[in-house]
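Here is a short tour of a two-chain model. Keep the structure in view as you read.

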Amino acid sequence: MNKQFDILAIDDEQVIIDAINKICSSEGYRVDSSIDAKDALEKLSKNSYKIIVCDIMMPDIDGFEFLEEIVKRKISSPVIMTTGYSTVENSVKSLYNGAIDFIPKPFTADEILNSVIRGMRYSDVQNKIISSPNQQDDSTIIYVPCPAKYFRLGYSSWAAEENTGTILIGVTDLFLKIIESIEELELYKLDEEIVQGNQCATLKSKDNLVHNILSPVTGRIIERNEEILNDVNIIEKDPYFEGWLYRIIPSESEYELKQLIPCSSDRF
Amino acid sequence: MIRMKMMVTKIGSKLILVVGITALLTIGIFSYFNIRSHSSSLLAEVEQGANQLSETVIHSTRYDMLLNQRDRINKIINTIGEQPSIRTVRVINKSGAIIYSSHQDDIGRMVDKNEESCYACHAANKPLERLPIKGRTRIFRPVPASPRVLGIISPIYNEESCWQADCHAHQKSQTVLGVLDITISLEEVDKQIQKSEMEIIIFAITAVIALSFIISFFVRRWVVKPVNELLNATNQVGVGNLNYTIKDRRKDELGMLARSFNNMTLKLSEARMQLFQSDKMASLGRLAAGVAHEINNPLTGVLTYSSFLLKRTENNSELQEDLKVIVRETKRSREIVKSLLDFARQSVPKKNEASINEIIDRSISVIENQLTINHIKLNKNLNTNLPTITVDANQMQQVFINLIVNAADAIGISGGTISISTALISLSPYGITHIKKAICPKRHDLIDNEYKIDGMPSIKLKIISSLGEDIVHFDPVYGRNHHLSKINELKGDAKVVCPLCSCSLMEENLKCPQCGSQVFSIEIPSQGKFEACTSRSCGWQRWDAVDNEGKREYIEIKLSDSGCGIAKEDLARIFEPFYSTKGQKGTGLGLSVIWGIIDNHNGTIKVESEINKGTTFTIHLPLKQVR
């Protein structure tokens, strides 16, 4: 192990590697880069990185195959996916396969930076849980996994089917723990259409970072949780019940829920 | 050899061969029996004649016999024997001696009882005394190569006057005194039979040849020609020319085959057009995806660097202003690429709840720049209270973009106005409901895809009256009367029938409630009965199943332009595939695809236009889908 890095950026375009390098270095992160997935895997076998930023469309091994390989090799570094072909399918598939975030290209400096910072914290949280599974100390973060009948999109949002055919949408506890504290919440209007894998709400944390919440399902908003707009703390207190964001009429829930991770698989 | 084989394998040649053989067989058998009966009747006639002659000879010599005047008898026999057809006349006595003969040398000669002429009676030990006429005649050839001869033997019976005559030559106990043997040459009869045989054979051959020629003429006309035309058409379709139609308008089965072939190629070309369209969209999608990926990478470079620079220069307000422009415009490019991707990605049609106004706005945003360049003003008058509607948003966007592009093309570069308006309207089914299926009582399909009225396949009906027959192409829109027909008014005994089976469609017990004329009806599968007045000027129609559903709500979208307009003769055909008024500029697919999409949503699209004033397209989309 020669040099310690924080971030591994993988992209077949040098300009993007340079941009990520520049932006993240300005925040004090040490960035290593690979021009393709093969080289990245070699580097991963030598060094460890806190997070990985990876492009989907790459020659030889693409982003999805790279994700599979990471899971196979039990590399715990969280992966942020980016792509120029930013479709709902790509976004949802990335999150389903284990990526923690999906940023469509082209992105701004803030967008990549916020995602990287969240990734860093995610990495920290995971490490704390793994390093101290049984002993309780002050640094331990306890997060509540989502209820068994819920479905989640990556680790950020959840969806729960209701008996009436409508679907409730909210933010996971892990996501809230990672952004630490909410300062502001911005919701979409009633009757607006939200699309799976696309932005559906914006959270601003106390450190002035803006976080986009991606919607787990497609549908039309029929009710907003007005109480959380008055008191954002409700979300943090009870993210899975009192702290829901929207009630929507889904358009294709049957198909879309299959693309999500069932929360029952989180239990062990 | 191969040519011969080909000749035999052809339908026409086979038919001619079969018909020829059949004709030959029937005429042959007929001729055989005809000749047989003809010759036997000729022979019977000769036989009859010979018998009569024998009787005459016996009776005319009778008196001389009694007087025993041999010279006179000889004279009579000679005179008779001189007739050309009579070969010999002989009188043979009981002991077998020829006592009189037309040939003088024969007189006195003994006749052998085993000779042919005697055999009939003398075959048995005791000579027969009475024989029917058949047994007494014989046909033979005296010398093998000579003409046939008919011989007849007439017994001379003993009578009272014979044994009482002075000569006392005969005793009372004798039954038969002798026989008269006459032989007649059959040369003439044989010639006649031969002649009629020849005649019949010549007739048979000519009949078979003539029949073959007639059959081949009609086979060529009715079978070979249309089959060749069909073959040619299938070859044309085989090499990809789906626009080829058979012009054959005959009414027989091959004509029906030709029509159904035309219909099939029409359907095929429509399917191919759709395939072509979706293929085009798919390749456009792939292209857009590739372009998006390629453009998004350099755009990322611009956006990340500019936004990063923006972050780092927070205290330099002058620089900030300029950088903000770069960031803003790059973000705009990002949105354009995204909408391009959204537009291209529509391979799978999906119907969802959507707002028509939003779809129109999105369509406009795609082509807004093009309109501005051409100095085209866009007037939007969208009803904000429109409910959402279940449509394929992408397909609808394609419809609006196509219509707006068409409108812009019609206006040209000199500038003009395009107006789009939406409204919620409620319409009664009368005047707008499209009859898509119609059958006669015998379940024949009445929909004619060849004749379209305003883009919709018409209903084909036949009118039979004392003036003759005619085909009417009935307007498939309930309550609208744009029928295509040569006759304007149906009078008196006129009847509406199915064009295929000619079964009546008339409602005998029903009179039009408006004008009292007769009423006919058509069955609409699973949607009851459609009734209409036979009087064209009245135009009364009734469709209970649809009327009972009451008024329906529609979203109406009107798109007008101030362009060059569409000529009246073109107006009826603009929704047909490959019909284009743009010359080389368009494919002629746009409006037919639009029509298909609207029809798929159970909606209707109408067009009104005036040359040099502009064109208006009106789309009606039902709010709720029925069935």
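## Ground rules

A residue is buried if 20 or more other C-beta atoms lie within 10 Å of its own, exposed if 12 or fewer, and partly exposed in between, with C-beta atoms placed from the backbone. By that rule, 45% of the 268 residues of chain A count as buried. In chain B, buried residues make up 26% of 627.

This is a predicted model, in which local features need pLDDT of at least 70, side-chain atom pairs count only at pLDDT 80 or more, and totals for chains, interfaces and linings use all residues. Residues are numbered from 1 along each chain as its sequence is written, while chains are lettered from A and ligands numbered from 1 in the order in which they are written. The pLDDT is the predictor's confidence in each residue, from 0 to 100. Chain B averages 81, and 88% of its residues score at least 70. For the complex, the predictor gives an ipTM of 0.85 and a pTM of 0.50.

## The two chains

Helices (H or I, at least four residues) and strands (E, at least two) are DSSP runs, numbered from the N terminus. Chain A has nine helices and 15 strands. Chain B has 14 helices and 20 strands.

Two residues are in contact if their C-beta atoms, placed from the backbone, lie within 7 Å. Take the contacts in chain A with a separation of 6 or more: residues 24 or more positions apart account for 62% of them. In chain B, 61% of the contacts between residues at least 6 apart join residues at least 24 apart.

## Where the chains meet

How many residues of chain B are in contact with chain A? There are 19, and they meet 18 residues of chain A. Three elements of chain B give two or more residues to this side: helix 8 (253–312), helix 9 (317–344) and strand 6 (352–354). Helix 8 of chain B gives the most, with 14 residues.

Sorted by class, this side of chain B has seven nonpolar, nine polar and three charged residues. Here Ala, Val, Leu, Ile, Met, Phe, Trp, Tyr, Cys and Pro count as nonpolar, Asp, Glu, Lys and Arg as charged, and the others, Gly among them, as polar.

## Nonpolar cores

In soluble globular proteins, nonpolar side chains tend to be buried together. A nonpolar core is a set of buried Ala, Val, Leu, Ile, Met, Phe, Trp, Tyr and Cys residues joined through C-beta atoms within 7 Å. The largest such core has 79 residues. Those with the most contacts inside it are A:I7, A:I20, A:V53 and A:V79. Leaving aside residues up to four places away in sequence, A:V79 touches A:I52, A:C54, A:L67, A:I70, A:G98, A:A99 and A:I100. Another core, of 37 residues, lies apart from the largest one and includes B:M396, B:A410, B:I411 and B:L559.

## Helix 1 of chain A

Helix 1 of chain A covers residues 14–26. The expected span of a helix is 1.5 Å times one less than its number of residues. For these 13 residues that gives 18 Å, and the end C-alpha atoms are 18 Å apart, which agrees.

Which residues of helix 1 of chain A are buried? They are A:I16, A:I17, A:A19, A:I20, A:I23 and A:C24.

## Two loop residues

A:I35 sits in the loop between strand 2 (31–34) and helix 2 (37–46) of chain A. Is A:I35 buried or partly exposed? A:I35 counts as partly exposed, because it has 15 C-beta neighbours inside 10 Å.

B:L505 lies in the loop between strand 13 (495–497) and strand 14 (506–511) of chain B. B:L505 is buried, because 21 other C-beta atoms lie within 10 Å. B:L505 and B:I522 are 17 residues apart in sequence and 6.8 Å apart in space, C-alpha to C-alpha.

## Backbone exceptions

Most residues other than glycine have a negative phi, and most peptide bonds are trans. A cis peptide bond joins A:K105 and A:P106, with omega about -5°. Phi of A:K74 is near 55°, a positive value. A:K74 counts as exposed, with 6 C-beta neighbours inside 10 Å.
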